[in-house]
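These are my notebook entries on a structure that I had not examined before. I set down what I looked up, entry by entry.

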Amino acid sequence: MFDFNIQAFYDALDQHYTACDNAATEAFLKAQLERVDELGILLGVGGGCPACRTEEDDQLTEQERKLLIQRSEARIAVLNETACFYRGISRFKPCIEAFEALMAEMEFCGLNGTEQYALAVINMAGAYRLLCEFDRALELFDLAQGILDQLGSSNDYGYASLYNNRGLVYQDQREWPKAAEHFEKALEYTRRVDDNEAEIATALSNIALAYHRMGNTDKARTAIEESLAIFEKIDDGKNPHYAGALNTYATFLYLAGDYARSAEYFRLAAEITKLIFGENWDYAACCRNCSMALSQLGDHENARLFAVMAEVAMS
C-alpha cells in the first residue's frame, strides 16, 4: 500500500499557509517530497510509469501498476505546490528546478497534452515572467493555449489564468492596451467560475492599473474600488493578492498627490505581503513605494527606513 493521502497533504499545507511561517512550510514540502520518494523506493516503484510502457514490455503486476500511479500522482502534487511556494517567496532558482522536475514527471507519465499539464505550464511561465524572461514566458503561454485549444477545453479557470498571466507580461512591458485586453478577457472567464471572488478581485485590480496608465481614470477607479470591496470581505483581509490591489490603489493616490493616504496603503500592502510571503520582491516594491510617498510628505527619517527595508529584501 502506498501510504500517502494527497488530500491530507493539501489540508496540512493549508494549515502551514494559514500560520504564515515560510520556513515551516518549506520544511514541510521538502519532507513530503522525501516521503513520497522513500515510499516509492521501499515499495520498489521508484521510477517508471505505466502510461509510458507498452503491453509487450510491461512486466508490472496490476498491484505494482497501481502503486506506481499513486506514487506519480503524489509526486506531481507535491512538486507543483513546491514550485508555486518558491515562486510566491521570490526564490526563483528552486522554483524553476521544481517546475522542471514537475514537467519531467508529468511528461514521463504521458500527461503531455492534458489540461493538468497546460495549467502547470502556465504556472511555470508565471515564474519566468517574474524573472523578466518575457520571451520564454510568452512561449510557454502559447504552448499552454495550444494545448487547451486543441482539447476544445471548457476550463474557464485555465483560460482565465492564461489571459491574466499573459496580460501581466504586457503590463511589465508597458504595453497597456494589450494588457487591458487580456485582463478583460481574463475577467470574462473568471466570472464564469463559481466561488471565485479572490480571482475576480485580482483581475479587477489588474484592469484598474492598465486603464489608469491608459488615462481612463474613471474606469480604473471603478475597477479598483470593486476589487478592494471584494478583498475586504474574504480571508479576513489576508488574501495573498489583496496586497497587490492595495499597492495599485496607493499608486493612484500617489499620482493624485494624496501622499498621506498613499503612504498608509503602501505600508499596509507591505505588512500583508510580509505576513504571507515574507520579505519577497513584492514586499520590497511596497517598501520602496512607501518611502517615496513619505519623502513627498517630508518624513525623511521614515522614508529612509522604508528604503533600507526595500534594499534588505532585495539583497
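**Entry 1: Asn 165 and its contacts**

I first looked up the contacts of Asn 165, where contact means heavy atoms within 4.5 Å. Leaving aside neighbours within four places in sequence, Asn 165 is in contact with Ile 122, Gly 126, Arg 129 and Phe 141. I found Asn 165 in helix 7, which covers residues 156-172. Helices (H or I, at least four residues) and strands (E, at least two) are DSSP runs, numbered from the N terminus. The relative accessible area of Asn 165 is 15%, so I recorded this residue as buried. Buried means under 20% relative accessible area, exposed over 50%, and partly exposed in between, with a 1.4 Å probe and protein chains only.

**Entry 2: Source of the model**

I noted that this is a predicted model, in which local features need pLDDT of at least 70 and side-chain atom pairs count only at pLDDT 80 or more, while totals for chains, interfaces and linings use all residues. Residues are numbered from 1 along each chain as its sequence is written, and side-chain values use heavy atoms, with hydrogens and water left out.

**Entry 3: Ala 137**

Is Ala 137 buried or exposed? Ala 137 has a relative accessible area of 0% and is therefore buried. Setting aside neighbours within four places in sequence, I listed Ala 125, Tyr 128, Arg 129 and Val 169 as its contacts.

**Entry 4: Ala 12**

Ala 12 lies in helix 1, residues 6-19. With a relative accessible area of 23%, Ala 12 is partly exposed. Its C-alpha atom is separated by 8.9 Å from that of Phe 28, 16 residues apart along the chain.

**Entry 5: Two positive phi values**

I recorded as background that most residues other than glycine have a negative phi. Ser 90 has a phi near 60 degrees, a positive value in a residue other than glycine. Ser 90 lies in the loop between helix 3 and helix 4 (92-108), and its relative accessible area of 14% makes it buried. Asp 235, also not a glycine, has a positive phi near 55 degrees. I located Asp 235 in the loop between helix 10 (217-231) and helix 11 (242-255). At a relative accessible area of 46%, Asp 235 is partly exposed.

**Entry 6: Gly 237**

Gly 237 lies in the loop between helix 10 and helix 11. At 15% relative accessibility, Gly 237 counts as buried. Which residues does Gly 237 touch, not counting those up to four places away in sequence? I found Phe 231, Tyr 242 and Ile 272. From Gly 237 to Ala 125, C-alpha to C-alpha, I noted 28 Å in space and 112 residues in sequence.

**Entry 7: Cys 290**

Cys 290 is found in helix 13 and counts as buried at 0% relative accessibility. Beyond neighbours within four places in sequence, Cys 290 is in contact with Ala 263, Phe 266, Arg 267 and Phe 306. The C-alpha atoms of Cys 290 and Ala 263 are separated by 5.0 Å, although these residues are 27 apart along the chain.

**Entry 8: The whole chain**

I then looked up the totals. The protein chain has 14 helices and zero strands. Of its 315 residues, 50% count as buried. Among contacts between residues at least 6 apart in sequence, 59% join residues at least 24 apart. Taken along the principal axes, the C-alpha atoms fill a box of roughly 75 × 40 × 35 Å.

**Entry 9: Confidence**

I checked pLDDT, the predictor's confidence in each residue, from 0 to 100. The protein chain averages 91, and 93% of the residues score at least 70. Among the helices, confidence is lowest in helix 3 (residues 62-88), at a mean of 89, and highest in helix 13 (residues 281-296), at 97. Over residues 48-57 the pLDDT is below 50, and this stretch has 18 contacts in the model beyond near neighbours in sequence.
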